[in-house]
Every structure is written in C-alpha cells, then in structure tokens.
Amino acid sequence: MRRKSNLSLDLFGDRLNVGREENDDGREHLRMRGALRRAMEGELTERQRDCLRLRYFEQKSVQEVAEIIGVTPPTVSKHLKKARERLRRVVGYSFSRLN
C-alpha cells in the first residue's frame, strides 16, 4: 500500500524552478503540486520514486538512500537527477512559465 505524503514543491528547491510569482494567488501553486504528484505516480520508475521519497520526504542522505535500496551513491544521484528532469519536463507541459 502506497503511503500518501504532503507534497511540497519547495522540497525540490531551485532544481525545479517553481517559485511563486508575485501575482500568484496560490491556485497555480496548488495546481503545480497536483501535477507534480501525478507525474511522480505515473511518469517515474519505481526506483526513481523510491529515491525521491527517501531523499526528499524522509530526508535521508544520498549515502543512506544507497544503503537502503542496495545501490551505490552515484546510482542514487543518477536516479534523482533523471527523476527531477522528468518531473520538470512533465510539469513544464502544463506550466509554460517553467520552461
């Protein structure tokens, strides 16, 4: 059973470049969070989702994530990078200002 978590775009920091604009009333931010959540569930591999969950939601270090899932730290970094790139691309389709 998949555990739901409170998803915040802020977890990804500048890596997704999804900061709020001055005239944003909060609705676009909520739509972005929904798009990001759907992208995580439908567009990433299971390994990428695991790496994101452990690194950003559970705040594990890259070394700890590597030990938990049984790969090397560079492999974790590669999965994180590919996941962020994929999320940026997918979310960017719906929010052109992110491109």
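In helix H2 (46-57), Asp 50 and Arg 53 lie 3 residues apart and are therefore separated by about one helical turn, where helices are DSSP runs of H or I of at least four residues, numbered from the N terminus. The side chains of Asp 50 and Arg 53 meet in a salt bridge at 3.8 Å, N to O, a salt bridge being a side-chain nitrogen of Lys or Arg within 4 Å of a carboxyl oxygen of Asp or Glu. The structure is a predicted model, in which local features need pLDDT of at least 70 and side-chain atom pairs count only at pLDDT 80 or more, whereas totals for chains, interfaces and linings use all residues. Residues are numbered from 1 along each chain as its sequence is written, and side-chain values use heavy atoms, with hydrogens and water left out.

Glu 43 is partly exposed at 37%, as is Arg 86 at 25%.

The largest nonpolar core holds 18 residues, of which Leu 52, Val 76 and Leu 87 touch the most other members; such a core is a set of buried Ala, Val, Leu, Ile, Met, Phe, Trp, Tyr and Cys residues joined through side-chain atoms within 4.5 Å. Helices H1 (27-43), H2 (46-57), H3 (62-69) and H4 (73-94) each supply at least two residues of this core, and H4 gives the most, with 6.

Within H3, Val 65, Ala 66 and Ile 69 are buried. They lie on the same side of H3 because they cover an arc of only 100° around the axis, the arc being that of the directions from the helix axis to the C-beta atoms. Glu 67 and Ile 68, on the other side of H3, are exposed. H3 is followed by Gly 70, with a positive phi near 80°.

Terms used
Buried means under 20% relative accessible area, exposed over 50%, partly exposed in between (1.4 Å probe, protein chains only).
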